[in-house]
Amino acid sequence: MTDVEQALDAGGLKNPRVREYVRHWAELTGAECVEVVSAADDARLIQEALDAGEILPAGDGLYYARSYEKDTARSEARTIVSTGDPADKGVYNNWRPSSEMKPMLEERMRGASAGKTMYVVPYLMAPPGSPLEPYARGVQLTDARIVVLHMIRMARVGVEFVENTESPDTFVRGVHVTGDLENLGQGTPNDQRYFVTVADERTILHFGSSYGGNALLGKIAHGLRQAAYDGWKSGAFLAEQFMLIGITDKQTGKAYHICGGFPSASGKTNLAMLLPPDALGDRYHVEFYGDDIAWLWVDRADGTLRAINPEFGVFGVAKDTNENTNPTALQSVGPGTRALFTNVAYNERTHEVWWEGRTPQPPADVAGWRDWKGNLIADRREGDDEPWAHPNSRFTTTLANVPNIAAQFDSPRGVPIDAIIFGGRTRNREPLVRAIDDLAEGVYDGLTLGAEATFAAEGVDGQLRYDPMSMRPFMSYPEGHYAEHWLKVVGAAKDQPIFAHVNWFQRDPDDGHFLWPGYRDNLRALLWLLKLKNGEVAGRQTAVGIIPTEEELNLDGVDISADDLRTVLSIEIPRWRKEMEFREQHLEQFDNLPEEIWKAHRRVATALDDPGQ
Ligand code: GTP
Ligand code: SPV
Ligand code: MN
């Protein structure tokens, strides 16, 4: 395959182990040619994609694409973690032996890229120079140009990241083959798709999609599943589906950093892009570090718990993004940002895009508008109220476009962590915020995170389920070890972070309205948490944590009724007692769960049984 050699030479790819890997897969997949990609190739690739009709213009320096209509979200059932050791099987990682999965994937991929270009995308999932860099290098092979465009926005891409490294073999091997999307039986018993992370070989094999986490391998396959496995095996770090923000108090000059996990499509991006409410904007500023992934470790030199965002961009949910909910997001996809919209509605005449919640009503003049499937809105039958945009339609933009991006977002040292929060969509289970000042209870709280699933994964929307630390779809090793690893990593920090559970999604049981206004006002709960940590407020101790009193929470300018406020700041004891039974069953599924976690569970149960509650 001398053509492959020439292409690798032309791309400046010298690392012999990378070359060997590309050669192997180019041959197996039958790709017609090979092309090495760097971020500097973006303008050319955009033009090629426009010429090929893979993307459409969506305004000045903005682009639009539709994915295949049965390929619009992650498939949890088809996502698998494989290793050679059956002891790696957990409850949520869909473990299967690599001896079974690798041949199956090779079989599906064999010849499946015939006639296509195989793009070689070397990347780094970390700010360059980070102590975690050895875990962050990867090379994704993909036969889809659109995937390359996403990767360039979402990860640092360039051959320099895999050249002249201390060990040429230390890179994650990610192979993405799209397959014949119209004949893969998505969602049927004959589903051909497989998204496999062979964790003990640091190899990712994804077949049968070109959308999101199924296809951009740097993001969740490497950044979460592989990295979590590596972090555990090395004992060195945690990789979590976390947002990461800084809050600066302009009055005192102090900066705080909070990271935290909410399940997919449950508010991480919105929190990270938060613009403080008008009444608080003079005093506080929120800085964006990350919105979907954080890697956490303890700095050996000073014992602080630190975190980085390994990503380089945002793959954000479009639905309900507007000037009121998230003006920052709109700016980050504004003219000239080279942002890419997928599966929203598109006007072929004006090149505008629209999604549900962008404005209260869809555009009145439907001329030129097509829905996410490409059908003309004007052709719709009377009463057809199918959404114009897919609920999991998204925008892709680089971090540098985010107006509140932290000045230090690229710092290899990361930021010190003051607080770790968990949350999710629950209409009645959880108060606005409850703080937990104990490591084991914090980890226990994360493990028992219960939330309504969303449209970010196929077929689970609205199901109430446990989603440990918001990692359920990304879990790569057994939950008992996961809990143990958390206790070990965070426990080694000199200053312990405070934990909290938050919920922006409590609803009125009668009319369904959100009790808490959410979005910008969520900052108020976080400011209270930081005050609690600083000893400036005491809160009200309950069996499940410390809750703010109405006086302690800064409510200047909040639009909330007295009744709703009372509800979001209270705990329903009978409900919680019942919840403890479900938690017990949930935790019992996990082998090797550390005794500290069971003790935390029993402490909460005993406190709830106290008749004084
Ligand atoms: P992934 O990228 O899937 O991991 O999701 P995410 O956690 O980053 O979710 P994101 O912030 O994109 O929010 C998903 C949806 O929740 C969007 O439709 C938001 O408009 C909505 N949302 C976010 N924050 C709030 C809030 O405080 N209140 C309400 N009611 N909705 C919110
Ligand atoms: C999620 O589903 O949690 C995402 C989007 O962040 S994807 O990259 O598709 O996983
Ligand atoms: Mn996510």
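**Ligand shells and aromatic contacts in a predicted model**

By class, the shell around ligand 1 comprises eight nonpolar, eight polar and six charged residues; here Ala, Val, Leu, Ile, Met, Phe, Trp, Tyr, Cys and Pro count as nonpolar, Asp, Glu, Lys and Arg as charged, and the others, Gly among them, as polar. The structure is a predicted model, in which local features need pLDDT of at least 70 and side-chain atom pairs count only at pLDDT 80 or more, whereas totals for chains, interfaces and linings use all residues. Residues are numbered from 1 along each chain as its sequence is written, chains are lettered from A and ligands numbered from 1 in the order in which they are written, and side-chain values use heavy atoms, with hydrogens and water left out.

Ligand 1 is surrounded by 22 residues, of which the closest are A265, K268, T269, R394 and Y519; a residue is near a molecule if one of its heavy atoms lies within 4 Å of it. Several polar contacts were computed for this ligand, a polar contact being a pair of N or O atoms within 3.5 Å (within protein, one must be able to donate a hydrogen and the other to accept it, and residues adjacent in sequence count only if both atoms are side-chain atoms). An N or O atom in the side chain of K268 is 2.7 Å from an oxygen atom of ligand 1, and an N or O atom in the side chain of R394 is likewise 2.7 Å from an oxygen atom of this ligand. The backbone also takes part, with an N or O atom of K319 lying 2.8 Å from an oxygen atom of ligand 1. Taken alone, ligand 1 exposes 660 Å², and the protein buries 96% of that; accessible areas come from the Shrake-Rupley method with a 1.4 Å probe, and for residues only the protein chains shown count as cover. Helices (H or I, at least four residues) and strands (E, at least two) are DSSP runs, numbered from the N terminus.

The shell around ligand 2 is formed by R74, G212, G213, K219, I220, Q241, S264, D292, F315, R394, A456 and F474. These residues divide into four nonpolar, four polar and four charged. On its own, ligand 2 has 280 Å² of accessible area, and the protein covers 97% of it. At least two residues of this shell are supplied by each of α6 (212-215) and α7 (218-234).

A search of the whole structure finds 18 aromatic pairs. Rings of Phe, Tyr and Trp (its six-membered ring) pair if their centres lie within 6.5 Å, and planes under 30 degrees apart count as stacked, over 60 as edge-to-face and the rest as tilted. The pair of Y64 and Y346 is stacked, because the ring centres are 4.5 Å apart and the planes stand at 5°. This pair links distant parts of the chain, since Y64 is in strand β3 (residues 63-65) and Y346 in strand β20 (residues 345-347), 282 residues apart. Y64, at 1% relative accessibility, counts as buried, and Y346 is also buried, with a relative accessible area of 3%; buried means under 20% relative accessible area, exposed over 50%, and partly exposed in between (1.4 Å probe, protein chains only).

The rings of Y229 and W232 have their centres 5.7 Å apart and their planes at 80°, and the pair is therefore edge-to-face. Both residues lie in helix α7, three residues apart, or about one turn of the helix, and both are buried. Together with Y477 and Y482, Y229 and W232 form one aromatic cluster.

Rings also meet charged side chains. The charged end of R78 sits over the ring of Y194, 4.4 Å from its centre, and R173 lies over the face of Y21, at 5.7 Å from the ring centre. A charge sits over a ring if NZ of Lys or CZ of Arg is within 6 Å of the ring centre and within 35 degrees of the ring normal.

Most residues other than glycine have a negative phi. In R338, phi is positive, near 60°; this residue lies in the loop between α9 (327-332) and β19 (340-342) and is partly exposed, with a relative accessible area of 31%. M469 has a positive phi near 55° and is placed in the loop between β28 (464-466) and α11 (479-491). M469 is buried, with a relative accessible area of 0%.
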